[in-house]
Amino acid sequence: MLVLAVDLGTTATKVVAVDAQARVVASTERAYPMRTSGLEATHDPKQVLDAALDALRELASEDVRAIALTGAMHSIMGLDSDLTPVTDALSWADNRAVEQTERLRGTAEGRELHQQTGAPIHSFTPLMKLAWFHENGVRAAKWCEIKDFVHLHLTGELLNEHSSGSGTGLMNIHTLQWHEPSLEFAGVTADQLPPLVEPTHSTPLTAEIPGLRKGIPVIVGGGDGPLGNLGVGAATPGAGAVSLGTSGALRVAQQGPGVDEEGRTFSYAIGEGLWVRGGAISNGGVVAQWAAETFNVPVGELLQQAADVDSDGLVALPYLLGERAPWWDPTAHAALLGLRREHTPAQITKALVEGVCQQLALVLDAVPRVDSLRITGGAFRAPIWAQTLANTLGMPLHLTEDSGGSAVGAALLAWRALGEIESLTVDLVQPTQTITPDEDAIERYANARPFVVKAYRALEDLYDESHR
């Protein structure tokens, strides 16, 4: 017996066949472009849908008990009254709503919306994208996320759920309903959005997919971030997960929703009363890629060199792509502080890696309870990342294979909906390695962290003054 989990990613859709012990037995992938221009970052909804259907056809078999969905959070697209797309799907990376975000960011209204919806005031949220659409005269009969659109074509039902919905800035995390003040700000009404259901909600398959039985359950699923925790066995309250690729995130599971009073974290649903609190960072492995291109050294070789050096007083604010948690500042500026002529490419790279890890530590500092941390992602193939992160977070890190992640989490939602597992806190994933921090390094990085905070705030004040 298998579940097919469909993971609608930023540049490709992956379909993974997962058994009831959370083992990946087969997978396939279909790539598509994310079209970018300036602040725009969009997908053609038909390309994403075709990729999902084609990948499902490849892995279809009589052994498949259900389909489950997950995907990149924070997308939004418009549909007409016939549920045909009238806009492209705006990706999480689309930042056209910077002006709308800056008007709300730091205000009492913005802080209240963050507390009620669990989503930060940032241009990646559908809340801000819809406000941008509204102010630019773009109208639609319905608005939905790209995952909702794929679910529509699999089942005939347009639905959203509490997991992806909690990342929109439009859902009240305490009532699990669309939040009226958010809707008013965005210029939409509740009936223009899909109904909200539990992530384990099941709808029969109506699409013709050769090899799959008509009527098998399609589990609506959830967002890739919170389901990433589920997929690596970090869904028990107090269990955390760090994913690190081009960007990164740190999320800790908890019972019930809620963000910190300072608004440094998000609060997204897993399902069945389990939530994650944490934050995504915009700059992860991208800083090493940038350094490799700048110094014309292969990235693996440069990271290996950096592992063996001290950054020698150099401090990096690694905000090459602005920054999300804990600042939620799309206009944040990168900086190298203390740079001297004698600093080498390896030392600069080490400082950039440390800067990313300090950013994740700032997110961890905003989470009230953390008992353990599992890590996953392509960046950890270079040992410097895991060791520096363990030293910075001051905790042992348990490495899990990056074999399925969010897709495995979606599959576990399906197995739960089918009654094959007793709860979503079941831990079926075993770490392959534990990275232990160096005690001296823990203290050194902890002592340096307040400087990072002061430097960010001081530099942003200077940039603000220079642009008045």
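Which residue in β3 is the bridge partner of V18?

1. The model is a predicted one, in which local features need pLDDT of at least 70 and side-chain atom pairs count only at pLDDT 80 or more, whereas totals for chains, interfaces and linings use all residues. Residues are numbered from 1 along each chain as its sequence is written, and side-chain values use heavy atoms, with hydrogens and water left out.

2. The bridge partner of V18 in β3 is V24. Seven bridges join β2 to strand β3 (residues 24-31) in an antiparallel arrangement, where strands are DSSP runs of E with at least two residues, helices are runs of H or I with at least four, and both are numbered from the N terminus. Two strands count as paired if DSSP finds at least two bridges between them. Five residues lie between β2 and β3 in their hairpin, and A22 in the turn has a positive phi of about 65 degrees.

3. On the β1 side, strand β1 (residues 2-8) pairs with β2 over six bridges, again antiparallel, and V3 stands opposite V18. The hairpin joining β1 to β2 runs through three residues. Because six of the seven residues of β2 (residues 12-18) are buried, this strand is largely enclosed by the rest of the structure; buried means under 20% relative accessible area, exposed over 50% and partly exposed in between, with a 1.4 Å probe and protein chains only.

4. The largest nonpolar core has 75 residues, and I375, F380, W385 and L389 have the most contacts inside it. Helix α11 (residues 345-365) gives the largest share of this core, 10 residues. Such a core is a set of buried Ala, Val, Leu, Ile, Met, Phe, Trp, Tyr and Cys residues joined through side-chain atoms within 4.5 Å. Another core, of 35 residues, lies apart from it and includes V15, V64, I67 and A89.
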